[in-house]
Amino acid sequence: MAAERILVPLSETVTVRQTVGYAVRSGLERADSLECHLVVALPYDVDAPESGLHERDARELLSRARNWVEEDAGGANVTVETAILGSNEYLFGPRDYAESFESYADDRGIDRLVIDPEYQPGVTAQLLQPLERELERIGLAYDEAPVERPARHGRLVTTREGFNRLFTTFWISFGFYLVLGDPFYWFDLLTGAAVAAIVAVSLGRVTFAQALDPVESPLRTVRFVLYIPYLLWEILKANIAVSAVILRPSMPIEPTLTRVNARVRGGLPLTALANSITLTPGTLTVRATDQQLIVHTLIPAAREDLFDGGLERAIRFVFYGRDAAAIESPRERDDAEIVGGDEL
């Protein structure tokens with residue numbers, strides 16, 4: 001009987017160990033020998049400064065998973081292959097992941113995938129349901145591992161990490177509120193604190209998908225303070241540009257919808273970029289999914305600024321540091337295009 005070939009995408013979840021165990025057991029039930037392919041898909045490009053850290057973590061996870069397979073196999077005829085996907089490409093959403101898995105499976109004659117129900121390839125939201133639909137769309141067979149999930153209830157703040165997330169979310173929200181209001185007016189201070197508390201309680205765990213770094217987080221706060229004057233300058237320039245167009249008798253506006261694949265991860269960085277674009281007159285973020293933005297631009301100058309990627313570089317500076325800001329613009333890397341407008 002031919003060996004059963006299975007593909008197991010991995011991510012750091014509470015059920016990844018159970019998923020690997022199920023993959024080994026189910027594979028050996030189908031055949032006398034098993035060829036188990038363990039992969040980690042990274043949603044980062046190789047040139048990003050943070051890619052080295054994520055690749056190191058991926059290799060550590062693959063090493064642990066290999067040991068789990070060998071432990072569960074016992075004396076059975078099982079071979080293990082490991083790989084990191086996405087190091088030479090840029091994975092955005094469920095379709096990209098599904099197509100990457102399909103390509104890997106086709107090249108190696110793999111029969112099926114085993115998916116962890118908690119699978120999260122470096123993003124804030126779980127991808128199982130949309131990934132499931134994409135796998136069905138391309139016709140790639142898969143099994144969802146029958147795992148036992150831990151209970152998801154508990155007190156609001158149970159660990160220092162949870163408190164850090166709430167505390168950081170509160171101060172970011174409070175600071176942003178005061179930037180838009182008057183930091184010397186008692187009413188703005190009071191309402192700002194109330195709004196920030198609501199945001200922290202509601203979104204603290206969603207905003208920060210990973211634990212806060214005690215060194216990097218304060219640095220990000222400092223870089224965010226430096227970012228505020230830049231954002232205000234961009235808002236001022238955009239106000240002048242839009243006003244100049246409106247005051248001209250010919251009103252040379254060109255409303256368009258543009259798609260930009262931003263080189264920032266989902267969650268807080270993508271939210272910050274989307275909101276910064278919306279705050280800038282002449283541009284409005286219509287949708288933000290994974291790392292893709294759909295932006296409505298009112299005038300050509302606003303669209304050109306978006307394609308030049310100034311705000312994207314600034315957001316990368318805030319969250320990833322100076323080196324991360326030194327990237328090509330969306331125009332240069334062909335990550336921006338017009339998808340709708342009056343001229344189409």
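Begin by selecting Thr297, which, once residues up to four places away in sequence are left out, touches Glu254, Pro255, Thr256, Thr258, Gly282, Thr283, Ala302, Arg303 and Leu306, where contact means heavy atoms within 4.5 Å. The model on your screen is predicted, so that local features need a pLDDT of at least 70 and side-chain atom pairs count only at pLDDT 80 or more, while totals for chains, interfaces and linings use all residues. Residues are numbered from 1 along each chain as its sequence is written, and side-chain values use heavy atoms, with hydrogens and water left out.

Now show the side chains of Thr297 and Thr256, which make a polar contact with each other at 2.6 Å. A polar contact is a pair of N or O atoms within 3.5 Å; within protein, one must be able to donate a hydrogen and the other to accept it, and residues adjacent in sequence count only if both atoms are side-chain atoms.

Next select Thr285 in strand 7, residues 283-289, which counts as buried because its relative accessibility is 15%. What lies 2.9 Å from a polar atom of the side chain of Thr285? It is the backbone oxygen of Ala274, and Ala274 is also one of the residues in contact with Thr285 when neighbours within four places in sequence are set aside, the others being Ile277, Thr278, Leu293, Ile294 and Val295.

Not counting residues up to four places away in sequence, Ile6 touches Ala23, Leu34, Glu35, Cys36, His37, Ile110 and Arg112.

Then colour Val8, Leu10, Cys36, Leu38, Val40 and Val69, which have the most contacts inside the largest nonpolar core, a set of 26 residues. Such a core is a set of buried Ala, Val, Leu, Ile, Met, Phe, Trp, Tyr and Cys residues joined through side-chain atoms within 4.5 Å. The elements that give two or more residues to this core are strand 1, helix 1 (16-30), strand 2 (33-41), helix 2 (51-73) and strand 3 (77-85), and helix 2 supplies the largest share, seven residues. Apart from this core lies another, of 23 residues, among them Tyr227, Ala262, Ala274 and Ile315.

Select helix 3, residues 94-108, whose 15 residues reach 21 Å from the first C-alpha to the last, close to the 21 Å expected at 1.5 Å a residue; the expected span is 1.5 Å times one less than the number of residues. In helix 3 the buried residues are Pro94, Tyr97, Ala98, Ser100, Phe101, Tyr104 and Ala105. Why do they lie on the same side of helix 3? They cover an arc of only 160 degrees around the axis, the arc being that of the directions from the helix axis to the C-beta atoms. Just after helix 3 comes Gly109, with a positive phi of about 60 degrees.

Go on to helix 10, residues 310-320, which is largely enclosed by the rest of the structure because eight of its eleven residues are buried. To see them, pick Leu311, Glu312, Ala314, Ile315, Arg316, Val318, Phe319 and Tyr320. Following helix 10 is Gly321, whose phi is positive, near 105 degrees.

Finally, zoom out to the protein chain, which has eleven helices and nine strands, and in which 46% of the 344 residues are buried.

Definitions and conventions: Helices (H or I, at least four residues) and strands (E, at least two) are DSSP runs, numbered from the N terminus. Buried means under 20% relative accessible area, exposed over 50%, partly exposed in between (1.4 Å probe, protein chains only).
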